[in-house]
Amino acid sequence: MTPRDGSRDVPHGKKGPAPGNNGPWPGDGPGSAARGPAGSPGSAGSPWSDLDRPPLNATALRRGLLVRDRVTGEPGLYRAVEIVRRTGSTNSDLVARVAAGTAEEGTVLIAEEQTAGRGRLDRRWTAPPRSGLFFSVLLRPSGVPVARWGWLPLLTGVAVATGLSRAAGVDTALKWPNDLLVTVGGEERKAGGILAERAGEDGVVVGVGINVTLREDELPVPQAGSLALAGAVTTDRDPLLRAVLRSLEDWYGRWHAADGDPLAGGLQETYAAGCATLGRTVRAELPGDRSLVGEAVAVDGDGRLVLATEEGVREPVSAGDIVHLRPA
């Protein structure tokens, strides 16, 4: 996932798949061909044409994620896991399924390649097939006040950072509101992003994009990064994706059980502890061509970034681009 401007926002592109390219990926279901449509390693169009970037194994992912609680026997969060070879945007596709009434909570849609990835402010990017993790999850936070749904992208950031730190052995940090940062050669770089979209009256689609094996010569800008460049102990996307989705299930369950209260579930404290924006002088690019410079001093109970300005005013920022002006 490499936006042309170096950002790492999450897929939010054109609706629907590229004609003729969307469909089950090799290994997507029992009896599927393991080597893909071309039938042999290295064949044109084969998922094995780049041996450093093998396809995801849908059967193994389902086995690891579609599980029931060992004590209660109740199903977990995830109800469906689907991998498509290529699409415009997993977020747009899943939002469209909600509108059509064909998706339930816990549906996970994963793409090996996105052709029209678009994040916040219409940012776009390109990425080689199978070079990252590009997926969306449908959540229906019933019982949680809508005013607290704004915590979902921050919650997802905590879950992704926690899952990757455990599975990839990479130190990760969060840039408010939706970016994942890693360190490459002593420099902070952007390697992932999150985008949450309302889906129908009671749903939220949370999309995640993470650069996994992107190489230096594939980066669009020097500020971009990947898990491989950050020295990950593994770039096997199957265990990485399982770790991230299990972490998301855990954090979402805590948050939901606390009726969305970020303090009660420990979410607010954990986010603040991992947020690289706090303690820095930043510039907030706000809607309406306004900007605000100040020190990022807190993330409040509504998930807003609080800036302390030179005038001694504390101003919460709920939306906008944040530019780090100096290290913490």
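Q: What stands opposite A308 in β12?
A: E295 does. This is a predicted model, by the way.

Q: Which strands run antiparallel there, and how many bridges join them?
A: Strand β11, residues 290-299, and strand β12, residues 305-308, run antiparallel. Four bridges join them.

Q: What sheet order are β11 and β12 part of?
A: An open sheet of five strands. The order is β13-β12-β11-β10-β14, and the pairing is antiparallel.

Q: Which are the edge strands?
A: β13, at 314-317, and β14, at 321-324. Each pairs on one side only.

Q: And what does the twist average?
A: 45° from one strand to the next.

Q: Zooming out, how many helices and strands are in the chain?
A: Five helices and 14 strands.

Q: What's the order in the open sheet of seven strands?
A: β2-β3-β5-β9-β8-β7-β6. Its pairing is mixed. The edge strands are β2 (80-84) and β6 (173-175), each pairing on one side only. The twist averages 20° from one strand to the next.

Q: How many bridges are there between β7 and β8?
A: Six. Strand β7 covers residues 179-184 and strand β8 covers residues 187-199. They pair in the antiparallel sense.

Q: Which residue is the bridge partner of V182 in β8?
A: R189.

Q: Now helices. Where does α1 lie?
A: Helix α1, residues 58-65, lies across β2 and β3 (107-111). Helix α1 runs at about 160° to β2.

Q: What about α2: which strands does that helix lie across?
A: β2, β3, β5 (132-139), β8 and β9 (203-211). Helix α2 spans residues 90-100 and runs at about 20° to β5.

Q: Switching to the inside. Which residues of the largest nonpolar core touch the most other members?
A: I110, F135, W176, L227, W255 and Y271. That core has 63 residues.

Q: Which helix gives the most to this core?
A: Helix α3, residues 152-168, with nine residues.

Q: Back to I110. What is that residue in contact with?
A: Leaving aside neighbours within four places in sequence, I110 is in contact with L56, L61, V81, E82, I83, V84, T90, F134, F135 and L241.

Q: How much of the chain is buried?
A: Buried residues make up 53% of the 328 residues.

Technical notes: Residues are numbered from 1 along each chain as its sequence is written. This is a predicted model: local features need pLDDT of at least 70, side-chain atom pairs count only at pLDDT 80 or more; totals for chains, interfaces and linings use all residues. Side-chain values use heavy atoms; hydrogens and water are left out. Helices (H or I, at least four residues) and strands (E, at least two) are DSSP runs, numbered from the N terminus. Buried means under 20% relative accessible area, exposed over 50%, partly exposed in between (1.4 Å probe, protein chains only). A nonpolar core is a set of buried Ala, Val, Leu, Ile, Met, Phe, Trp, Tyr and Cys residues joined through side-chain atoms within 4.5 Å. Contact means heavy atoms within 4.5 Å. Two strands pair if DSSP finds at least two bridges between them. Axes are lines fitted to C-alpha atoms, for helices over the stretch in contact, and angles run from 0 to 180 degrees between N-to-C directions.
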